[in-house]
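Here is a set of questions and answers about how the terms used for one structure are decided. Each answer sets a value against a definition.

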Amino acid sequence: MGQIVLRLDRVMADRKMSLNELSEKVGVANVNLSKLKNGHVSAIRFSTLQALCEVLHCQPGDIIEYQFDE
């Protein structure tokens, strides 16, 4: 079975946005964004995903990716 991989770190790097800046703009605590960035979460709220997409000017698929097993 494949797995869901979070690519928030890549999108942040592409936008040259720091964790602190993103945290302020999205309204999510630094520690929670850090967990999300490092893939240490098992779920994400749609409202958080929507806020991330608005701030980072991206699509959900830019942040969340499904990797198939080979």
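Q: How many salt bridges does the structure hold?
A: The structure holds three salt bridges. A salt bridge is a side-chain nitrogen of Lys or Arg within 4 Å of a carboxyl oxygen of Asp or Glu. This is a predicted model, in which local features need pLDDT of at least 70, side-chain atom pairs count only at pLDDT 80 or more, and totals for chains, interfaces and linings use all residues. Residues are numbered from 1 along each chain as its sequence is written, and side-chain values use heavy atoms, with hydrogens and water left out.

Q: What makes the pair E65 and R7 a salt bridge?
A: The N to O distance between the side chains of E65 and R7 is 3.3 Å, and the limit is 4 Å, so the pair counts as a salt bridge. E65 is in strand β2 (residues 64-67) and R7 in the loop between β1 and α1, 58 residues apart, so the pair links distant parts of the chain. Helices (H or I, at least four residues) and strands (E, at least two) are DSSP runs, numbered from the N terminus.

Q: What makes K25 and E21 a salt bridge, and where do they lie?
A: The N to O distance of K25 and E21 is 3.2 Å, so this pair is within the 4 Å limit too. Being four residues apart in helix α2, K25 and E21 are separated by about one helical turn. An α-helix has 3.6 residues a turn, so residues three or four places apart point the same way.

Q: Why is R7 called partly exposed?
A: Buried means under 20% relative accessible area, exposed over 50%, and partly exposed in between (1.4 Å probe, protein chains only). R7 has 21%, so R7 is partly exposed. By the same rule E65, at 25%, is partly exposed, and so is R10, at 41%.

Q: Are C53 and C58 buried or exposed?
A: C53 has 11% relative accessibility and counts as buried. C58, at 8%, counts as buried as well.

Q: Which residues of helix α1 are buried?
A: In α1 (residues 8-15), L8, V11 and M12 are buried. Seen down the axis of α1, these buried residues fall within an arc of 100°, so they line one face of the helix. The arc is that of the directions from the helix axis to the C-beta atoms. On the other side of α1, A13 and D14 are exposed.

Q: What covers the buried residues of α1?
A: The cover includes β1 (3-6), α2 (19-26), α3 (30-37), α4 (46-56) and α5 (60-63). Contact here means heavy atoms within 4.5 Å.

Q: Which residues of α2 are buried, and what do they pack against?
A: L22, S23 and V26 are buried in α2. Seen down the axis of α2, they fall within an arc of 100°, so they line one face of the helix. The buried residues of α2 pack against α1, α3 and α4.
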